[in-house]
Amino acid sequence: MGIFKRRGGLSAERADALRRFINENYIDLEKIEKRSFGAFRASKASSEEYYEAEAAPMASMAMPALDSCSHPDIDITLDESFSEMLLRKIDEKGLKDSECYKKAGIDRKLFSKIRSNPEYRPSKPTVISFAIALELTLEETNELLLKAGFALSHSSKFDVIIEYFIKNGIYDIFEINTALYEFDQNLLKV
């Protein structure tokens, strides 16, 4: 808590803008599920009718099996891994590896694991910390997250807050952590 008090917290203007952004973008799935349960029971009959008329005939259509190992015209090329994309982005930004992982709050040992193992799967906060350190756009951040098997979701207040800062070009990890703290969310590494 001391770190946030010394820095003074979010400005009133920033807090208001963030609150508006969360209200416009955050989807509380629990509230939706509770509200829609009654509607679900009421619409059950109509959805069963839809399935019988539309979906069932399509589901029964057989798709030909594809044996990629034995077919000479099929070339399977794996996509760039998280590790490969991260290292490429560090080079594109003209940073040294150490500058990037220090700015992201990641320790050298973890970065070494990521660098040496192209199949390494980091946690979502680690990926976001790298995206913030590299000052990636929202599109680039989403691409980096996908490489690690994650995505930003409007059903997560943490994700909406991260999206707000990236969309607004604010890459100060202390300010982002202050906002996460004020909205009772887990913090990024520092």
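Thr141 is buried (under 20% relative accessible area, with exposed meaning over 50% and partly exposed in between; 1.4 Å probe, protein chains only), with a relative accessible area of 1%. The model is predicted, so that local features require pLDDT of at least 70 and side-chain atom pairs pLDDT 80 or more, whereas totals for chains, interfaces and linings use all residues. Residues are numbered from 1 along each chain as its sequence is written, and side-chain values use heavy atoms, without hydrogens and water.

Thr141 belongs to helix α8; helices (H or I, at least four residues) are DSSP runs numbered from the N terminus. Neighbours within four places in sequence aside, Thr141 is in contact (heavy atoms within 4.5 Å) with Ala131, Leu136 and Ile166. Thr141 also takes part in the packing of α8 with α7, where Lys124, Val127, Ile128, Phe130 and Ala131 of α7 meet Thr141, Leu144 and Leu145 of α8. The axes of α7 and α8 are 10 Å apart and form an angle of about 145°; axes are lines fitted to C-alpha atoms over the stretch in contact, and angles run from 0 to 180 degrees between N-to-C directions. This crossing is right-handed, the near helix being turned clockwise from the far one by less than a right angle.

Beyond four places in sequence, Phe130 touches Phe82, Leu86, Cys100, Tyr101, Ala104, Ile106, Phe111, Ile114 and Leu144.

In α6, the buried residues are Leu110, Phe111 and Ile114. These residues lie on the same side of α6 because they cover an arc of only 100° around the axis, taken from the directions from the helix axis to the C-beta atoms. Arg108, Lys109 and Ser116 are exposed on the other side of α6. The buried residues of α6 pack against α4, α5 and α7.

Ser83, in helix α4, is buried, with a relative accessible area of 2%. A polar atom of the Ser83 side chain lies 2.6 Å from the backbone oxygen of Ile114. Residues up to four places away in sequence not counted, Ser83 touches Ile114, Arg115, Asn117 and Pro118.

Terms used: Helix = DSSP H or I, 4+ residues; strand = E, 2+ residues; numbered from the N terminus. Polar contact = N/O pair within 3.5 Å; in protein donor to acceptor, adjacent residues only side chain to side chain.
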